[in-house]
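Please look over the sequence and the model shown here, and then read the report that follows, which goes through a few of the places where parts of the chain meet.

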Amino acid sequence: MRIAVITESFLPRVNGVTNSVCRVLEQFAAHGHQALVVAAKPGPAEYAGHEVAAVGGFALPGYRSFVVGLPMARLVRRLREFQPDVVYLASPVSLGWAGATAARRLGIPCVAVFQTDVAGFARRYGLRGTDKVIWSWLRRIHAQAELTLVPSTATMKLLDDHGFPRLALWRRGVDAERFHPRYRDERLRHAVAPNRETVVGYVGRLAPEKRVDLLANLSGLPGIRLVVVGDGPAEGRLREALPTATFTGFLDGLELSRAYASLDVFVHTGADETFCQSVQEAMASGVPVVAPAAGGPLDLVTPGRTGLLYEPDSVYELRAAVMRLAANRDLRDLYGLNARAEVEGRTWSAVGDQLLRHLEAVVGGHGPVAFGTPSVPVAERSGGDAVFITTTIAANAGTGSTSAAQTAPAVQPAPAAQTAAAQLAATQTAAAQTAPPAHPPTDLETAA
């Protein structure tokens with residue numbers, strides 16, 4: 001196939017969209033397909049043997065490293081010259097809108113990939129009251145595509161609720177050789193935690209929507225050292241808020257592999273993730289995960305088996321989850337082994353094959369390809385019964401044992417008679433019964 005890839009973000013900017021596009025282009029090349037990449041300047045002339053056509057763009061205020069591509073007046077002519085069989089829109093917003101419009105004008109089938117919660121992103125940057133406009137705009141873009149690929153079941157339900165048509169689940173792969181427990185580096189760990197403290201870390205962009213400032217609630221916990229890997233517009237403020245944490249800056253290659261594998265606990269703080277690739281990379285590195293019970297992590301983290309989930313806005317639950325893992329090395333080791341085993345088969349090759357089958361189906365005029373049941377089901381559209389996902393500290397309780405029988409996944413469908421309101425009430429009651437003491441104990445084992 002000849003595939004036109006139109007992406008809102010590409011090299012040298014590194015983020016989730018860029019990383020996914022790079023892996024997809026590598027898969028296209030491996031299967032003998034030819035792509036044309038259209039992305040905002042600056043950028044390379046080619047990637048994985050595919051030509052890159054750079055267009056003008058503008059940086060978002062307060063976030064200079066994130067450039068939005070401007071619609072290109074000659075895009076229609078460029079697509080006509082390339083003669084693609086299909087247009088692939090990576091997280092379309094502005095340039096993606098132009099690509100969808102051009103594809104429609106030329107009669108070229110189009111597949112859109114929803115990857116960024118733009119509405120959530122805007123809220124984190126203080127743009128209140130913009131949700132309705134943003135969702136309307138995104139729905140117009142995706143309505144022009146024959147198919148929209150969605151990375152998680154939570155995001156699929158969100159898009160369905162907002163009226164997006166023709167949705168199919170397409171998750172992300174992980175390089176299980178690049179991210180591997182073998183890269184655990186004791187010298188690196190000693191430099192960070194010379195007294196053998198538990199190393200708790202975050203890896204990702206340092207930006208407001210990632211809520212990395214929540215880590216400040218962990219900095220005073222005994223026996224814990226914080227590591228923050230990444231860069232971004234919030235770095236200066238975060239260094240002030242986390243004066244005892246180790247900031248590594250942006251890491252890549254072997255340095256990133258070592259950083260992941262050298263953690264004892266990986267913590268993610270963002271609540272607007274459509275997938276959350278960093279969680280998957282930590283799991284491949286054999287590290288247990290603590291993440292918000294929202295968005296992509298709901299599909300990735302099995303509470304009581306590969307990590308713990310916490311209510312996104314509960315500082316108490318975040319602290320309790322980290323303390324539970326920090327206090328129990330055997331539990332961390334077991335969760336880490338389970339996490340590694342769970343993601344080993346999620347290769348980019350396998351995920352790339354799924355994508356190609358979707359593209360081929362669209363080119364052939366067929367519907368989306370089914371790839372099995374989602375790992376965490378969304379609520380049935382007809383019945384409306386809520387899905388009960390145990391996410392609070394009360395639900396995570398009892399996972400301190402290393403017995404395999406006691407670390408079974410805490411994800412189960414709700415009985416038909418149990419409503420979402422009843423579930424919420426039960427959760428709030430359990431949380432109240434486990435409220436933190438007025439004076440937190442100083443001994444880590446007791447606190448957990």
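## Contacts in a predicted model

Leaving aside residues up to four places away in sequence, H268 touches Y202, E273, C276, S278, V279, V290, A291, P292 and Y310, where contact means heavy atoms within 4.5 Å. This is a predicted model, in which local features need pLDDT of at least 70 and side-chain atom pairs count only at pLDDT 80 or more, while totals for chains, interfaces and linings use all residues. Residues are numbered from 1 along each chain as its sequence is written, and side-chain values use heavy atoms, with hydrogens and water left out.

H268 is found in the loop between β14 (265–267) and α10; helices (H or I, at least four residues) and strands (E, at least two) are DSSP runs, numbered from the N terminus. With a relative accessibility of 2%, H268 counts as buried, a word that stands for under 20% relative accessible area, whereas exposed stands for over 50% and partly exposed for values in between (1.4 Å probe, protein chains only).

Helix α10 itself is mostly covered, since seven of its eight residues are buried, namely S278, V279, Q280, E281, A282, M283 and A284. These buried residues pack against β11 (198–203), α9 (253–261), β14, β15 (289–292), α11 (297–300) and α13. Just after α10, G286 takes a positive phi of about 80 degrees.

How do α10 and α13 lie relative to each other? Helix α10 (residues 277–284) and helix α13 (residues 329–343) pack at an angle of about 115 degrees, and their axes are 7 Å apart; axes are lines fitted to C-alpha atoms, for helices over the stretch in contact, and angles run from 0 to 180 degrees between N-to-C directions. The two helices α10 and α13 are therefore roughly perpendicular, because angles of 65 to 115 degrees count as such, those under 35 as roughly parallel, those over 145 as roughly antiparallel and the rest as oblique. On the α10 side the contact is made by Q280, M283 and A284, which meet A339, R340, E342 and V343 in α13. The residues of this contact divide into four nonpolar, one polar and two charged, where Ala, Val, Leu, Ile, Met, Phe, Trp, Tyr, Cys and Pro count as nonpolar, Asp, Glu, Lys and Arg as charged, and the others, Gly among them, as polar.

The structure also holds eight aromatic pairs. Rings of Phe, Tyr and Trp (its six-membered ring) pair if their centres lie within 6.5 Å, and planes under 30 degrees apart count as stacked, over 60 as edge-to-face and the rest as tilted. Two of these pairs are set out below.

| Pair | Centre to centre | Angle between planes | Type |
|---|---|---|---|
| F114 and W135 | 6.1 Å | 10 degrees | stacked |
| W135 and F164 | 5.8 Å | 85 degrees | edge-to-face |

F114 lies in the loop between β8 (110–113) and α4 (118–124), and W135 in helix α5 (residues 131–143), so their pair ties together parts that are 21 residues apart in sequence. F164 lies in the loop between α6 (153–161) and β10 (167–169), so its pair with W135 in α5 ties together parts that are 29 residues apart in sequence. F114 is buried, with a relative accessible area of 2%, and both W135 and F164 are buried as well. Ring pairs link F114, W135 and F164 into a cluster.
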